[in-house]
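Subject: Structure handover

Hello,

Here is the structure we talked about handing over. Please open it first, then read the notes below.

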Amino acid sequence: MNGHPLLEARELTVRFGGLTAVDAVSAAFAPAELVGIIGPNGAGKTTFFNALSGVVVPTSGELFASGRRLTGARPHRYAQQGIARTFQTPRVFAELSVGANIDFGLQFAGRRRPATGLLKDEASILQLIGLAAQRALPAAAITPSQQRLLEIGMALATRPKLLLLDEVAAGLTENEVEAMAQLIRRLRDELELTVIWIEHAVTTLMRHVERVIVLHQGRKIADGLPSEVVRNAEVVEAYLGDEMAEAA
Amino acid sequence: MKRDLVVLFGLAGWALALPHYGSEFVVSLGLSCLMYATLSSSWSLFCGSTRYLSLATSAFFGIGAYTGALVLGQLPWLAAIALGGAIAASVAVVMGLAVLHLRGTYFAVLTFGMTELIRHAISYWEKQVTGTVGRVLSVVPERDTVYLTMLVLAVTAVLVSIALRRSRFGLAMAGIGADEQRAQTLGVNTRLVKVGGFALTAAFAGAVGAVMSVRWTYIDPATVFNPFIGFQTVLIALIGGAATLWGPLIAAVVFSLLAETLRLQLPQVYMMALGLLLIVCVLYLPGGLASLRWPAIGGWRKR
């Protein structure tokens with residue numbers, strides 16, 4: 001691992017016109033870490049993800065993947081470097097079958113990586129996300145919660161080292177959220193994947209992650225163990241209040 | 001796949017026999033069908049799957065025609081055609097790098113604008129530097145050679161479309177058409193794929209232009225860069241169904257026949273019919289005529 005973090009952001013800033021969506025955020029992510037990112041609406045969580053996955057070019061600051069500079073590269077390079085992501089609203093290829101949606105990632109970024117274990121092929125990935133029975137259905141025909149799973153499966157098909165999950169539990173029932181969390185832990189435990197997980201529902205997230213980063217108005221105001229972060233005065237004052245204390 | 005190949009070679013065999021028993025008029029009609037079949041099939045293989053609506057077909061056609069006219073004296077027939085395709089493709093690479101980051105209407109309008117720019121640039125060059133308005137091609141191959149070449153181009157265009165459907169390149173283009181950014185985040189080098197696909201389309205249009213220049217024997221910028229060639233290609237592909245293999249081909253034959261028969265007697269009627277059909281297709285049949293299937297019609301009748 002040549003001593004470098006898997007992914008490192010240094011003073012990452014993204015501006016849209018006069019609005020600073022992400023304000024000089026630095027963070028490093030180690031292999032097999034399960035990190036949560038929380039923050040109120042408009043805190044810059046998704047923009048931060050967009051910058052980490054190359055979808056948005058940062059206004060300033062640098063990004064490194066295993067010590068290699070990635071700033072300004074186009075998104076497919078990030079995918080080739082093992083950084084995969086999901087989108088908040090699932091962006092599956094509606095007209096393709098569920099199986100073909102998985103196959104897409106395998107054909108591109110996933111092609112150059114070793115095909116082993118849980119990510120061996122289309123069938124094993126479908127098994128992992130629990131959509132084996134839906135393989136032949138068009139992606140438009142499965143339920144929204146299944147589409148969320150498929151979205152994760154598509155990202156996994158790139159055989160990543162790091163997975164960015166953007167509100168994958170939003171709109172799911174309690175049981176589905178629990179199943180999703182189990183899946184995410186399994187990805188980390190069995191694939192040794194680094195997972196960075198944004199979720200609006202703080203309580204859910206806090207139960208499952210080992211480290212949490214708090215964004216507020218584009219700035220990082222806390223970064224640490226969930227139990228520490230909930231006691232951080234700035235975090236509590238900024239927005240969390242009682243909800244967070246209860247979660248801890 | 002197998003069935004597609006059988007159909008293709010069946011059609012090609014029939015087209016191959018045409019010059020032996022057809023009259024001069026029939027052969028000329030056949031050539032026109034083949035020309036639009038090649039243009040709309042090759043247009044669809046990029047524009048149909050990526051949904052980048054290019055109006056630059058006339059530019060590539062005209063570039064190919066001029067290349068053919070300029071080099072035919074010095075180069076053999078097939079080399080002249082290949083060069084026409086190659087130069088059109090190189091122009092497409094430059095144009096693609098400049099405009100393929102734009103989507104939708106912006107892309108369509110800019111490709112059209114660049115076509116006009118190229119046409120005016122060549123007119124200017126011919127008038128100011130060469131001192132001519134048009135060019136006469138004195139050494140031209142026989143009618144059957146021209147016809148056969150166009151047939152080979154049409155078959156190649158369909159074969160390439162069939163092959164692309166099963167390739168990673170074709171999958172990448174379909175991904176771009178469905179959700180370009182998602183395809184990127186899954187590892188597709190979208191710029192490379194788009195420029196490559198655009199150049200491939202242009203190579204066919206350029207080769208077709210080179211073939212047609214000898215058929216016409218006299219060319220000037222207004223005829224070979226005629227925007228109507230590009231529009232008609234797009235209309236045929238959209239009406240036939242740009243995402244399908246056979247839609248553009250069938251529509252090309254139907255419309256070439258319609259054009260040749262109606263244009264002479266009732267030119268306005270033909271244009272109006274084309275426009276009306278386009279509107280109907282876009283509104284009620286976005287997949288084109290090829291998306292009409294018997295079960296769909298049956299289901300519709302039951303309602």
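First, a term. Helices (H or I, at least four residues) and strands (E, at least two) are DSSP runs, numbered from the N terminus.

This is a predicted model: local features need pLDDT of at least 70, side-chain atom pairs count only at pLDDT 80 or more, and totals for chains, interfaces and linings use all residues. Residues are numbered from 1 along each chain as its sequence is written, while chains are lettered from A and ligands numbered from 1 in the order in which they are written.

Chain A overall

Chain A holds 10 helices and 10 strands. Its C-alpha trace spans about 50 × 40 × 35 Å along the principal axes. The radius of gyration of chain A is 18 Å, which agrees with the value near 18 Å for a compact globule of 248 residues. That radius is taken over C-alpha atoms, and the globule rule is 2.2 Å times the number of residues to the power 0.38.

Of the 248 residues in chain A, 47% are buried. A residue is buried if 20 or more other C-beta atoms lie within 10 Å of its own, exposed if 12 or fewer, and partly exposed in between; the C-beta atoms are placed from the backbone.

Two residues are in contact if their C-beta atoms, placed from the backbone, lie within 7 Å.

Strand 8 of chain A

Start with strand 8, residues 194-198. Five of its five residues are buried. Both faces are covered. A:Thr194, A:Ile196 and A:Ile198 lie on one side, with A:Val195 and A:Trp197 on the other. In a regular strand the side chains alternate between the two faces of the sheet.

A:Val35 has A:Ile196 of strand 8 as its bridge partner. A:Leu162 stands opposite A:Thr194 of strand 8.

The antiparallel sheet of chain A

Chain A also has an open sheet of four strands, in the order 2-1-4-5, with antiparallel pairing. Strand 2 (19-29) and strand 5 (68-69) stand at the edges. Each has a single partner strand, so one side of each is left without a neighbour in the sheet.

Strand 4 (residues 60-65) and strand 5 of chain A pair in the antiparallel sense over two bridges. There, A:Ala65 stands opposite A:Arg68 of strand 5. The loop between strands 4 and 5 of chain A contains A:Ser66. Phi of A:Ser66 is near 50°, a positive value in a residue other than glycine. A:Ser66 is partly exposed, with 18 other C-beta atoms within 10 Å.

A loop residue in chain A

A:Ala133 sits in the loop between helix 4 (122-129) and helix 5 (144-156) of chain A. Is A:Ala133 buried or exposed? With 9 C-beta neighbours inside 10 Å, A:Ala133 counts as exposed. Its C-alpha atom is separated by 9.8 Å from that of A:Val98, 35 residues apart along the chain.

Where the chains meet

The contact takes 18 residues from chain A and 13 residues from chain B. On the chain A side, helix 2 (75-80) and helix 3 (98-107) are the elements that give two or more residues. Helix 2 of chain A has the largest share, four residues. The chain A side divides into eight nonpolar, six polar and four charged residues. Ala, Val, Leu, Ile, Met, Phe, Trp, Tyr, Cys and Pro count as nonpolar, Asp, Glu, Lys and Arg as charged, and the others, Gly among them, as polar.

Chain B

Helix 2 of chain B covers residues 24-50. This helix has 27 residues and reaches 39 Å from its first C-alpha to its last, close to the 39 Å expected at 1.5 Å a residue. The expected span is 1.5 Å times one less than the number of residues. Helix 2 of chain B bends by about 40° at B:Ser44. The bend is the angle between axes fitted to the seven residues ending at a residue and the seven starting there. In helix 2 of chain B, 21 of the 27 residues are buried, so the helix is largely enclosed by the rest of the structure. B:Arg51 follows helix 2 of chain B and has a positive phi, near 60°.

Best wishes

Definitions and conventions. Pairing = 2+ DSSP bridges.
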